[in-house]
Structures are given as C-alpha cells and as structure tokens.
Amino acid sequence: MYKPSEIPSFLHYQYDLRILAIDRNQLPGNFPTWLLENNTRLGGLCARDNALIGPLELPSTSLPHLHTIDVSNNKLNGHISTNVSSAFPNLTILNISQNLLEGPINSKVSGIHLRILDLSQNFLSGGVPSDLTSSPTLFYLRLSNNRLKGQIFLKDFRSGTLSFLYLNGNNFEGPLPSNIFLRAFIVLDASNNNFSGEIPKWIRDNSRILQLDFSKNQLEGSIPVEICNLKSIKVLAM
C-alpha cells in the first residue's frame with residue numbers, strides 16, 4: 001500500500017473539503033493549520049497514527065462546520081490552545097490522546113458542546129475544570145495516564161450526561177462522594193490514583209454500570225454488600 005512521505009501538496013489547493021481522513025500514514029511535519037484555514041466548511045479531520053510534531057496551533061478564525069478532530073497517536077507537544085472554543089464552537093468529538101501535550105487542561109474546553117473528549121496518554125498536569133465533568137452534553141471523557149491531580153469528585157459532584165469516565169493512571173485524591181453512583185455511569189475507571197475513604201453504599205442505585213475499577217487506590221473499609229445489586233456489571237476491580 002502506498003504511504004506518502006509528507007502531506008500531499010495538492011491539499012494546499014483545496015478550499016471546499018468537507019471530510020479529510022489521512023490516518024495511519026506516518027506523515028511527518030507540523031500540524032496542518034493551513035488546511036483548516038483553507039477549508040472553512042470542513043466537517044471532520046482524522047489524522048491519527050501519523051508523525052505530526054510541534055504545537056497544536058489552531059486557526060484564528062472560527063470553523064462552525066467542524067464537528068470532529070482526531071489527531072491521536074502523533075507527537076504533538078505544547079499546551080492545549082486557549083482559543084479552542086472560539087475556533088471550533090460546534091465541535092462534538094475531540095481526540096488528542098497519545099501525544100506529548102503538557103500543562104493544564106484549558107478551561108475553554110468546557111465551553112464547547114463536546115460529546116466525546118479523549119486527552120489520555122499525554123503529560124497534562126494540574127486539576128480538572130469542574131465545568132468539564134458537569135457538562136450537559138459530554139458523554140465520554142478519557143483522562144487516563146496523565147499527571148493530573150486534585151479532587152475531581154467534589155462533594156456536589158455533578159456528572160450531567162457523562163456515562164464513560166476514565167481517570168486511571170493519575171494522581172487524583174480525596175473521598176468518593178456519596179452521590180457518585182446516582183449518575184448513569186456505564187464505565188467508571190478510577191484505578192491507580194490516590195482516592196481515599198470508603199466506597200459509598202449508594203453503589204446499588206446504578207443499574208447500568210458495566211465496568212467499575214477502583215483498584216490501586218487508598219480506599220478502606222469493607223466492600224458494601226449493595227454491590228451485589230449491580231445486575232449488569234461485567235468488570236469489577238477493587
């Protein structure tokens with residue numbers, strides 16, 4: 001199969017692309033900001049599994065048609081851009097996992113009506129904006145294997161529509177709030193962190209959960225018998 005050694009030059013002269021998929025080609029070079037600037041009606045950009053380097057520089061103008069960006073498994077570095085919400089006001093899927101991004105999660109990310117957000121396997125640090133976990137639209141959030149810390153589960157924790165939450169491999173701490181299982185989680189992976197305290201008995205009130213992992217934390221006390229009421233559970237690790 002032919003694999004180009006660089007982003008094809010003819011793309012420099014395209015101005016009406018709607019979907020562009022250049023996945024799994026090991027394409028080198030900087031993130032193609034020019035491609036977004038040239039194609040203001042672009043709806044989706046899929047460029048995962050390449051060799052893109054440098055910062056994830058976003059266009060200065062708004063792209064209201066763009067709904068999907070997947071640049072996972074590249075070598076992008078630097079911080080998450082501060083203009084992400086103004087550049088992509090209608091973005092619903094953002095996957096920038098498996099890169100070399102660092103610094104805090106920009107609070108501007110919370111200003112987008114995302115459904116899926118994957119920031120896993122980077123070098124992100126600091127806390128998580130509270131507006132992110134309580135987003136009214138976010139369905140899937142993956143923050144695994146970063147350097148994030150602090151208390152993501154505050155006392156008044158609200159997960160909105162969040163159903164898939166992956167926090168594993170960070171430095172989150174604090175107790176699990178008593179109302180955490182009143183949410184409609186399908187997957188909750190909080191393993192390999194520093195969570196403490198006891199597992200809330202409200203665990204019985206989640207009938208949809210398929211995967212629950214609290215292993216490798218500092219939890220104490222007994223495993224609540226209410227866990228037997230999880231009729232749909234497929235994976236359980238404590």
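**Labels and their cut-offs**

Modeller: Leaving out residues up to four places away in sequence, Asp 70 touches Leu 45, Cys 46, Ala 47, Arg 48 and Asn 95. This is a predicted model, in which local features need pLDDT of at least 70 and side-chain atom pairs count only at pLDDT 80 or more, while totals for chains, interfaces and linings use all residues. Residues are numbered from 1 along each chain as its sequence is written, and side-chain values use heavy atoms, with hydrogens and water left out.

Colleague: What makes a residue one that Asp 70 touches?

Modeller: Contact means heavy atoms within 4.5 Å. The residues named for Asp 70 meet that limit. A separate value is the spacing of C-alpha atoms: those of Asp 70 and Leu 94, 24 residues apart along the chain, are 6.0 Å from each other.

Colleague: Why is Asp 70 called buried?

Modeller: Buried means under 20% relative accessible area, exposed means over 50%, and partly exposed is in between (1.4 Å probe, protein chains only). Asp 70 has 11%, so it is buried. Its place is in strand β5, residues 68–70.

Colleague: How do you know which label Asp 49 gets?

Modeller: Its relative accessible area is 18%, which is under 20%, so Asp 49 is buried. Asp 49 sits in the loop between β3 (44–46) and β4 (51–55). Apart from neighbours within four places in sequence, its contacts are Arg 24, Asn 25, Gln 26, Ser 72, Asn 73 and Asn 74.

Colleague: What makes a stretch a strand, and what makes two strands a pair?

Modeller: A strand is a DSSP run of E with at least two residues, numbered from the N terminus. Two strands pair if DSSP finds at least two bridges between them. Three bridges join β17 (residues 211–213) to β19, so these parallel strands pair. In that pair Gln 211 stands opposite Val 235. β12 and β14 have two bridges, so they pair too, again in the parallel sense. There Lys 149 has Asn 171 as its bridge partner.

Colleague: Why are β1 and β19 called edge strands?

Modeller: The sheet is open and parallel, in the order β1-β3-β5-β7-β9-β11-β13-β15-β17-β19. β1 (19–21) and β19 (235–237) each have a single partner strand, so one side of each lacks a neighbour in the sheet. Neighbouring strands here are turned by 10 degrees against each other on average, direction ignored; the axes are lines fitted to C-alpha atoms, with angles from 0 to 180 degrees between N-to-C directions.

Colleague: Why are Ile 223, Leu 236 and Met 238 called a patch?

Modeller: A patch takes residues with over 30% relative accessible area and no salt bridge; nonpolar side chains (Val, Leu, Ile, Met, Phe, Trp, Tyr) are joined within 5 Å, and like charges within 9 Å. A salt bridge is a side-chain nitrogen of Lys or Arg within 4 Å of a carboxyl oxygen of Asp or Glu. Met 238 has 35%, so it passes the area cut-off, and it is partly exposed. Together the three residues have about 260 Å² of accessible area, computed by the Shrake-Rupley method with a 1.4 Å probe.

Conventions. Helix = DSSP H or I, 4+ residues; strand = E, 2+ residues; numbered from the N terminus.
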